[in-house]
Amino acid sequence: FCQSLKEFKAPNGKTYHIGDTIKVGMGSMPEGNFKYVQVTPPPFFPPRPNGNKFSARKDFALSTAVIRKIKMASQMSGSDKVMFTVKAGGIGTYDIWIVEAIAACEVTPCSGTTAGATPLWKTPKRNFQRWTVLEL
């Protein structure tokens, strides 16, 4: 069962609306692919968070997408999951399990940062010189 929503207040402090642009982070799978961002499956497939068959590839990282639909889906476990259907150019659409994607930093700002802060993976690396004390 799915219920359409016009907006969703996410755990990262942002309220998302249909038509808003969402920022995609980095995939959380070991090879860089996404776990909670999926290519929208054909209509005869049920939505499946964590399914690897439709996972977005790592080349979708650091892009933006426009929210087309916001749905709350009731799971067999009794919990409700919020899913955004987004369009990122081209002909395909993607489904984002938003709460899980924010927790995994697949969407920014993510739970590991405050709204508007730079996620750790975008922080520039700092080079520190090592000093050695020599005895004379």
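So, the nonpolar core: the largest one here has 26 residues. By nonpolar core I mean a set of buried Ala, Val, Leu, Ile, Met, Phe, Trp, Tyr and Cys residues joined through side-chain atoms within 4.5 Å. Buried is under 20% relative accessible area, exposed is over 50%, and partly exposed is in between, with a 1.4 Å probe and protein chains only. The residues with the most contacts inside this core are I22, F84, V86, I96, I98 and V107. Strand 4, strand 6, strand 7, strand 8 and helix 1 each supply at least two of its residues, and strand 7 gives the most, with four. On the general side, nonpolar side chains in soluble globular proteins tend to be buried together.

Before I go on, a word on what we're looking at. This is a predicted model, where local features need pLDDT of at least 70 and side-chain atom pairs count only at pLDDT 80 or more, while totals for chains, interfaces and linings use all residues. Residues are numbered from 1 along each chain as its sequence is written, and side-chain values use heavy atoms, with hydrogens and water left out.

Now the overall layout. In order from the N terminus, you get β-β-β-β-β-β-β-β-α-β. Of the 136 residues in the chain, 35% are buried. As for contacts, which are heavy atoms within 4.5 Å: among those between residues at least 6 apart in sequence, 52% join residues at least 24 apart.

Leaving out neighbours within four places in sequence, I96 is in contact with I22, Y36, V37, V82, M83, F84, V86, A101 and V107.

How many aromatic pairs does a search of the whole structure find? Four. The rule is that rings of Phe, Tyr and Trp (its six-membered ring) pair if their centres lie within 6.5 Å, and planes under 30 degrees apart count as stacked, over 60 as edge-to-face and the rest as tilted. F8 and F84 make an edge-to-face pair, 6.3 Å centre to centre with 85° between the planes. F8 sits in strand 2 (residues 7-9) and F84 in strand 7 (residues 80-87), so this pair ties together parts that are 76 residues apart in sequence. Both ends are buried: F8 has a relative accessible area of 15%, and F84 is at 0%.

Then there's F34 with F60. Their ring centres are 6.0 Å apart and the planes are at 70°, so that pair is edge-to-face. F34 is in the loop between strand 4 (21-24) and strand 5 (37-39), and F60 is in the loop between strand 5 and strand 6 (64-74), so parts 26 residues apart in sequence get tied together. F34 and F60 are both buried. And ring pairs link F8, Y16 and F84 into a cluster.

On to charges. A search of the whole structure finds one salt bridge, meaning a side-chain nitrogen of Lys or Arg within 4 Å of a carboxyl oxygen of Asp or Glu. The partners are K81 and E100, with the closest N and O atoms 2.8 Å apart. K81 is in strand 7 and E100 in helix 1, 19 residues apart, so to speak linking distant parts of the chain. K81 is partly exposed at 23% relative accessible area, whereas E100, at 16%, counts as buried. Helix 1 covers residues 98-103. Beyond its neighbours within four places, E100 is in contact with Y36 and K81.

D95 does have a polar contact of 3.0 Å with the side chain of T85. A polar contact is a pair of N or O atoms within 3.5 Å; within protein, one must be able to donate a hydrogen and the other to accept it, and residues adjacent in sequence count only if both atoms are side-chain atoms.

Last stop, K9 in strand 2. K9 is exposed, at 56% relative accessible area, and its side chain reaches the backbone oxygen of G13 at 3.4 Å.
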